[in-house]
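Here is a short briefing to read alongside the sequence and the 3D view. Take a look at the picture, then follow the topics below.

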Amino acid sequence: MEDYDVLILGSGAGGYSAAIYASRYNMSAAVIGKEPGGVASEASEVENYPGFKKITGLELMEKFRGHVQSLGSKVFIYSDIVSVKKHGNKFIARLEDGKEFSGKALIVALGSKRRKLEIPGEKEFAGRGVSYCATCDAAFFKDRTVAIIGGNDSAAKAALVLADIAKKVYIIYRKDKIRAEPVLADRIDSKGNIEYVYNAVPLRIQGVKVVKSVVIKQNGKERKIPLDGIFIEIGSTPEDTLTAMLKLEKDVNGYIKVGQDMSTSIPGVFAAGDVTTGSNMFRQLVTAVAEGAIAAESAYRYLSGKTSL
Ligand code: NDP
């Protein structure tokens with residue numbers, strides 16, 4: 001068993017930020033995560049993180065990781081954390097290979113997982129035309145026709161990535177106007193090969209071995225759009241398996257309820273980033289980073305018995 005002051009579950013922006021602040025408060029900390037950088041590392045371009053006019057998500061998150069390690073906190077990337085529980089006054093995480101880590105305080109920064117459309121054909125054609133990551137898979141669709149499902153920033157970003165590679169890009173959205181950042185919407189308008197398909201709900205994905213078309217319901221009528229790829233960008237839901245083991249209190253959508261100090265319903269457990277109710281109004285890299293910093297400071301106060309610094 002490896003023992004630390006603070007155990008941080010999740011190697012995304014919130015977890016890394018918590019680790020940086022933990023080091024600043026002289027607490028030993030370990031970050032245990034599955035994907036280095038979390039969802040942010042899938043972003044083709046990040047243009048709204050202060051200090052970087054334009055940087056890939058992967059590059060930015062590698063800088064975060066380097067910063068964490070330079071200050072002495074440990075980062076462990078594992079295939080799976082199989083359990084997390086409270087034992088006495090410690091929190092213990094057990095990994096797939098049986099290795100255990102303990103922390104006197106715990107910060108849960110497990111992020112979120114992609115929401116699925118749950119329509120016929122989605123599962124069947126996953127990896128054969130259906131994708132959840134434009135940055136990862138766009139190159140497979142050179143000079144092809146693709147559709148993005150969704151109407152906010154992720155959908156807009158995916159459309160822009162694909163517009164430079166594919167011949168034609170549809171944005172299929174259930175409402176009548178995209179609600180992405182205006183800057184992104186302007187860029188979409190300036191591309192000649194992106195077409196909005198509004199008031200449209202995908203019904204089924206069809207194909208033979210690979211995707212050939214999507215059938216949508218638009219203004220009450222069914223319409224079939226022939227295409228080669230579908231990128232599903234309809235948001236995320238919080239990671240819940242491990243948080244369920246801890247029995248943390250959550251809101252109706254499954255986000256961990258936190259106070260202003262990122263404390264949860266269990267003393268000694270703090271949470272940060274996409275997994276919390278903290279930034280329900282606006283989930284961004286900067287908000288995850290801020291929550292990670294607050295969570296680490298609160299963990300310090302919890303461990304030192306101080307009510308204020
Ligand atoms: P969101 O949850 O914000 O948006 C999901 C989109 O998919 C919405 O337009 C929603 O429709 C639509 N949708 C949801 N469920 C379905 C469904 N079952 N069928 C069809 N459509 C569906 O997710 P995002 O990933 O876009 O964004 C998450 C957060 O991350 C946001 O805060 C966003 O601002 C941020 N972000 C910021 C970026 C940036 O560069 N600034 C880049 C990417 C994300 P409806 O509009 O009707 O709800």
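Domain bounds here come from an automatic or database domain assignment. This is a predicted model: local features need pLDDT of at least 70, side-chain atom pairs count only at pLDDT 80 or more, and totals for chains, interfaces and linings use all residues. Residues are numbered from 1 along each chain as its sequence is written, and side-chain values use heavy atoms, with hydrogens and water left out.

**Around the ligand**

- The ligand's shell takes at least three residues from each of domain 1 (2-114 + 236-304) and domain 2 (130-232).
- The ligand is surrounded by 18 residues, each with a heavy atom within 4 Å of it; Asp153, Ser154, Tyr173, Lys175 and Arg179 are the closest.
- By type, the shell holds 3 nonpolar, 7 polar and 8 charged residues (nonpolar: Ala, Val, Leu, Ile, Met, Phe, Trp, Tyr, Cys and Pro; charged: Asp, Glu, Lys and Arg; polar: the others, Gly among them).

**Polar contacts (pairs of N or O atoms within 3.5 Å)**

- Glutamate 181 places a polar side-chain atom 3.0 Å from a ligand nitrogen atom.
- Arginine 283 uses a backbone N or O atom, 3.2 Å from a ligand oxygen atom.

**The sheet**

- Strands β9 (residues 145-149) and β10 (residues 168-172) pair in parallel over 5 bridges; strands count as paired if DSSP finds at least two bridges between them.

Key. A polar contact is a pair of N or O atoms within 3.5 Å; within protein, one must be able to donate a hydrogen and the other to accept it, and residues adjacent in sequence count only if both atoms are side-chain atoms. Helices (H or I, at least four residues) and strands (E, at least two) are DSSP runs, numbered from the N terminus.
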